Amino acid sequence: MTTLDFTPVSVAAPRPRQVWAHARTEAGLILGNGEQSLLALVIPVGILIAGRFLGSRLGLDFQSLAPSVLALAIWSSCFTSLAIATGFERRYNVLERLAVTPLGKSGILLGKATAFALVTALQLVILVAASLALGWRPGFSPVVLLVAVLACILAAGAFAGMALSLAGTARPELTLAVANLIYLFGVVGGGLLLPVASYPSWAQPLVTLLPTAALGEALRSGTPLNLIVLALWCAGTLVLARKVFRWTS
């Protein structure tokens, strides 16, 4: 006669499974949030459509605008959405409670990073498909493609470091306000949508040093020098986030 043992096994799941489960949960929450969906897809797609049919009247080149919108997608998800979500998770003690589970602090960070990487990759696939359907014809080469991939990775790290530094030190209401203001500045004055050459000559050296401009220029022109700016921002903001981030509000 076979005896069934229903005694719970008090052993944590393997580490990769823990992180993957947390990443799936995070990604589902991001995709199910209306505000974040607006930032992630609705606004970028709207800019693409407007630029395709009205850009010539405003002096915008669609071939340059399309990669700029890809940069905008990374900016919106890896900075604005991450900052706001993390800020309110601190307010409601979500991070504090998860940190004492087997997932731990490192698991939370790995899960968040995986989730936002997946969401950002999905954004880019959709926006690239939409851009190609609207007439974008990029000139691909191995060097340009490599620069674009590295720029996206470094920019995502830099923006995430900025987001965690803000969300880990400020109240969630302040994080919400400041994150949206910085988002708008990056779009309008940070060289994200408009090429650096379109800014006044006195402002161009300053704009060039911003991570938003470095990402935009890297995707628009494929210039490897922008990777240096992004690498410095990535290293600096992640170190800052590690020093100033607080798990409780």
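Colleague: Is V149 buried, exposed or partly exposed?
Modeller: V149 is partly exposed, at a relative accessible area of 42%; buried means under 20%, exposed over 50%, and partly exposed in between, with a 1.4 Å probe and protein chains only. This is a predicted model, in which local features need pLDDT of at least 70 and side-chain atom pairs count only at pLDDT 80 or more, whereas totals for chains, interfaces and linings use all residues. Residues are numbered from 1 along each chain as its sequence is written, and side-chain values use heavy atoms, without hydrogens and water.

Colleague: Where does V149 lie?
Modeller: V149 is in helix α6, residues 142–167. Helices are DSSP runs of H or I with at least four residues, strands are runs of E with at least two, and both are numbered from the N terminus.

Colleague: Which residues form the nonpolar surface patch with V149?
Modeller: The patch consists of F140, L145, V149 and I153, with about 420 Å² of accessible area together. Patches take residues with over 30% relative accessible area and no salt bridge, joining nonpolar side chains (Val, Leu, Ile, Met, Phe, Trp, Tyr) within 5 Å and like charges within 9 Å. A salt bridge is a side-chain nitrogen of Lys or Arg within 4 Å of a carboxyl oxygen of Asp or Glu. Areas come from the Shrake-Rupley method with a 1.4 Å probe, and for residues only the protein chains shown count as cover.

Colleague: What is W75 in contact with?
Modeller: Leaving aside neighbours within four places in sequence, the contacts of W75 include F159, M162, I182 and Y183. Contact means heavy atoms within 4.5 Å.

Colleague: And E217, buried or exposed?
Modeller: E217 is buried, with a relative accessible area of 18%. This residue is found in helix α9, residues 211–221, and P195, V196, G222, T223 and N226 touch E217, not counting residues up to four places away in sequence.

Colleague: How many helices and strands does the chain have?
Modeller: The chain has 10 helices and zero strands. Its radius of gyration is 20 Å, close to the 18 Å that the globule rule gives for 249 residues, so the chain is as compact as a globular protein of that length. That radius is taken over C-alpha atoms, and the rule is 2.2 Å times the number of residues to the power 0.38.
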